[in-house]
Amino acid sequence: MLIDHPLLGPRDAQEFVILGDASLIDRPDWQAGDAAQRFHDYQHLRDNPAGEHRELWFHEQGDRSWLVVTRNTLTHEVVKVELARDVAIARGRDR
Amino acid sequence: MSGPFRLDGGALDRSRILSFRFDGRKMIGHLGDTLASALLANGVRLVGRSFKYHRPRGVFTAGSEEPNALVELRSGAHREPNTRATVAELFDGLEAFSQNYRGSLRHDLLAANDLIAPFLSAGFYYKTFMWPKSFWEKVYEPAIRASAGLGRLSGDADPDSYDKGFLHCDLLVIGAGPAGLAAALAAGRSGARVVLADEDFVMGGRLNAETHEVNGRSGADWAADAVRELASMDRVRLLLRTTVIGAYDHGVYGALERRTDHLAESGGKPRQILWRIYSRRAILAAGATERPIAFGGNDRPGVMLAGAVRAYANRFAVGAGRRIGLFVNNDDGWRTAADLADTGVDVAAVIDIRDRAPLADVPGARILMGGKVAATWGRRGLKGIELATGERIALDGLAVSGGWNPNVHLTCHHGGKPVWREDIAAFVPGGNLPAGMTVAGAANGNFTTAVALDDGHGAAVAAVGELGYSADAGDSPRASDEATEVSAFWHVRESRGRAWLDQQNDVTVKDVVQAHREGFRSVEHLKRYTTLGMATDQGKTANVGALAIMAEQTGRTIAETGTTVFRPPYTPVPIAAFAGRSRGGEFRPTRLTPSHDWAAERGAVFVEAGMWLRAQWFPRTGETHWRQSVDREVLQTRGSVGICDVTTLGKIDIQGRDAAEFLNKVYANGFAKLAVGKVRYGLMLREDGICYDDGTTARLGETHFVMTTTTANAVLVFRNMEFARQCLWPGLDVHLISATEQWAQFAVAGPNSRALLRKIVDPEFDLSNEAFPFMACGMVNVCGGTPGRLFRISFSGELAYEIALPARYGEALMAALMAAGEEFDAVAYGTEALGVMRVEKGHAAGPELIGQTTARMLGMQRMVSKKKDCIGNILSERPGMNREDGLELMGFRPLDRSQDLPSGAHFLATGAEPATENDEGWMTSVAWSPELGHAIGLGFIRNGHARIGETVRAWDGVRGRDVPVEIVSAHFLDPEGERLRG
Amino acid sequence: MAEFALAPRSTLGGYAETFGSVTLAEVTGLALVSAAVPNGGDDAFAAALAEGLGAARPATGDSVAGDRYGARLLGMQPDQIFILFEEPDPNRAAETVADALGPDAYVTDQSDSWAMLRIAGAGVRAALERICMLDLDDAAFPEGRVARTVMEHLAVIVLRDGADSFLLMSPRSSARSFLHAVAVSVENTAG
């Protein structure tokens, strides 16, 4: 399996470590009134779609970038690869 | 002549005479022979016994699809069972042995199985060995094991070496027959990077077995020239003797190259290489496999596939018999008759099931259109056949062709399903091919040479065109079209005797019918119930015939019946090839500490800790038990000073304007206010609130910290911190880099540690308790100006330091510390003494941090800051993790101080039954404390702090222990910490 | 004068061997320092590189030569480069770079973290093919290209420093296993 790294081109998945659902970027606000419920959902409730899925992969044996890989879980087709840092900033995690 | 059945011609090097043995009998063959062709040339027809019934069997094919001719190759530790004689290249000195018999191959005692065959039909095992239940282990299994299996393993370690490798190409061409060669030529000439792989030891595929012409010359000659041209191209890689075994994601293919299997000696080089091939496009030109027709006694040695008989005659110059008949349902089979007649072999008859005009006149042969073979005779080899009409024909070879099956296997590795093509009566690749793959030639159902060449050429022009190369569309090689008509025909109803479908697994037409009768309707169930299509050949010659029978039974079409799923590998791969170099000591890399050689020279005993080798203890002369060494190391350290290499701890260099704020987020406790020059213990939680690592972090400067992690979690902590940095708080200015390998770090512990360090650290640094107190850190120079770092931290509970120098000085520093410590009788201590001292101090470590451990269990709940956001703090507040009667880390000592303690024991109240509902916790770590003079333990027990002084039982059902223990504080020594502050 | 002298030791004891067309040798005497780019400080970082090392900032996966210290700058991560250079006093490696770049970079000494091997000769790619999953073809991995990858379970930084020459860096603690892995690859493909 290959992951088309946005900076480095296609690299063997063996260089990477997978974490899972990219929703882990959206860590809740610890001071929210319902923080406990939000953290519970964040930690334990994940989608596991048969089809396109956004996943976090770490290029551990490479440039140490965390990536958001959009992958079809049925065909293994990699549709899109982004730097997770860019995704996080775009989602408002600038602090 | 190398054997009585040797013909003229062929592609052998007759100047090279190779001597070999089969079952001890010496024979000769030539370079270019396979073991099968050499055996046939020497008139050896009986080469093995079948799996279940021990029927005599001979060579059936001329390729990797062979079901019968399985032999043991080589001897001693090199012996390899279940090797196909049809692909084993002959070399001088080859030794081969037939397999699967008791007694001798000719007089196999287990041939009696064949007489009781009516009782051994499909599902026999499932039905017979059901009762009585107690018989299974003691009677049935040993008996079955003794008679099952084919060849024998040597029982010795494999003496050969194996390797792996990685190849990259624009286009991978799988198969070097006409389609593959045409594809590779077109792509290679365009400048594309090409890998061309073929399982044979000569490229050319069927061109080498046929008398076809390409571009007006013999096909074999054209193929040889094509290979020469390809070999001259820099960007073309030819992989001979290489089977592409599987299609994996994103254009990755696995391939096994047999490098030295054809040589008597490997010459110290790897025997086989397992390649991972990264391709942008792939063309599957894997050809087709001929299939038989089932009829009574069709497994007798001498019955062979027609294409194989032709290959033996044309390529290997071997007559598969002296008088050969043909039994076919298609035009292609007639070519065997023609080629045999041309090479001078007597053709007895051509029996074609089709009612039509004969295709050709074969000199001397009877032509029987609409004929069928119903039975055969001959005890250990074919002597004649009987037709459905009852007529008997004496002959010693029968070439059978039931049509050809495209080799679609690799098209199915990503879930693709082959589709049935009525006009050629065969499955061809369906949709859903692996991305980037196209199929050409016979593999795509295009059986003629002309179309195969065109198809391969066109597929390559298109594939490399997509990649920006322009290949000449007009230079496809030319050939003429052969007749290939086929009429679907699977088995002779008038058969007398058993009609075999799968010769490797001894499955007959009757077995398939019976499986259907018993309710096995899915092809996958049929396969499991009858074992059809299993084992080394995976039913390459058997499956489609069996599907057809199944379809007949169910009244469905073959298309509706479908195939079983094709999975890698295409042909068998030795486990050793998958292992590659990862054997024995090379199973994984070894990490060595800077003082490794120093310790090894002093006879240290090492322990594996992950990939690390760490000194476990340092035995001294006269010490006969590890406890003596460990006790001495502990007492000496606590009494004076000890030195331990702690380099293995993970070290992470953390810098940035927001580094302190970042640490506040990844540690449960606060770090923002840590002063420069100070160290703090830190506890790390997972987001679910569970403790997963701990360590110390030192502040070297306003924007510069260095963190330590446990040895085991160094990689994980780094990964998690990168996640926090890039994904959770990308706005923070913080940067990480591992410094684990950069620094050699030693713990110097014990009351004399300061005195020892005063001799090492340059005098301008004040090491007094006032200037450099507990939890201080700083840059120091050592031994006259070598810059290093000093930390006043203690894992042992003693006055202690950790000193770090660049790793290149590590070994020298160890020696210097020991030399400086001589006057204090300093001792080097290993991980065992380290462990004893940490248990004495009640420090949690790996056995306590088990993925379920909360801060409260460790008595650290107050460390989890509620005033800041940090990973894990919200979910660590969940009520279930903070129960008042929850597990708490406590110390334990045996009531009878002479008893040792069992690690892993569960705590039970006195008198309580050992049952889950009575479980109160468990012992996590135990040690023998030389200072206290008795065993001590750490463990988790419910509501422990409130129960100090209570007696419970440490019950260990596995080791049969039941030890009364007293609950005490986990801090066995110096609970107030006076020593480490002194 | 200190009572105890410390002698440094190279990771692989100055290993050097020739197998057919391939030579394999430990590289010693080079300093290696990482420099991370402060958030938002890209311009200042580039200016500091130009000023202090006479070099441009390499893109991740590329390397550039600097005018000073015989330096080569390796683009390792989006916000981090490695600087490989000649340093007469190895004890000052980090300081040299810190002095050159000033406050516009976070520097960390990596000189002792990595064992360095140079593999060179006509058969170099055939040897590396057995352990390196990267495409080292001229087009895909030209001179000056750098990558961190994994070989035989070990982290390796690969720098192509010549037509037929690669500098390989792998963690010091496992350097003997790494040397063994590379040497076996050369032996398996030599001759």
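## Around T703(B)

T703(B) touches I654(B), Q655(B), G656(B), R657(B) and A659(B), as well as Y106(C), leaving aside residues up to four places away in sequence; contact here means heavy atoms within 4.5 Å. This is a predicted model, where local features need pLDDT of at least 70, side-chain atom pairs count only at pLDDT 80 or more, and totals for chains, interfaces and linings use all residues. Residues are numbered from 1 along each chain as its sequence is written, chains are lettered from A and ligands numbered from 1 in the order in which they are written, and side-chain values use heavy atoms, with hydrogens and water left out.

You will find T703(B) in the loop between β37 (691-701) and β38 (704-709) of chain B. Helices (H or I, at least four residues) and strands (E, at least two) are DSSP runs, numbered from the N terminus. With a relative accessible area of 29%, T703(B) is partly exposed; buried means under 20%, exposed over 50%, and partly exposed in between (1.4 Å probe, protein chains only).

## Helix α21 of chain B

Now to helix α21 (residues 831-841) of chain B: 9 of its 11 residues are buried, so it is largely enclosed by the rest of the structure. Among the buried ones are L834(B), V836(B) and M837(B), together with R838(B), E840(B) and K841(B).

These buried residues pack against β32 (605-609), β33 (612-617), α16 (626-639), β34 (642-645), β47 (921-929) and β48 (934-942) of chain B. Just after the helix, G842(B) takes a positive phi of about 75°.

In chain B, domain 4 covers 591-648 + 742-837 and domain 6 covers 883-982, with bounds from an automatic or database domain assignment. Their centres, taken over C-alpha atoms, are 30 Å apart. The two domains bury about 1,100 Å² between them, 59% of it on carbon and sulfur atoms; buried area is the accessible area (1.4 Å probe) that two parts lose on being put together, summed over both. On the domain 4 side, R638(B), F774(B) and V836(B) lose the most area to domain 6, together 36% of what that side buries.

The rule finds 1 salt bridge across this interface, a salt bridge being a side-chain nitrogen of Lys or Arg within 4 Å of a carboxyl oxygen of Asp or Glu. R979(B) forms a salt bridge with E798(B), their closest N and O atoms being 2.6 Å apart. Helix α16(B) gives the largest share of the domain 4 side that touches domain 6, with 5 residues.
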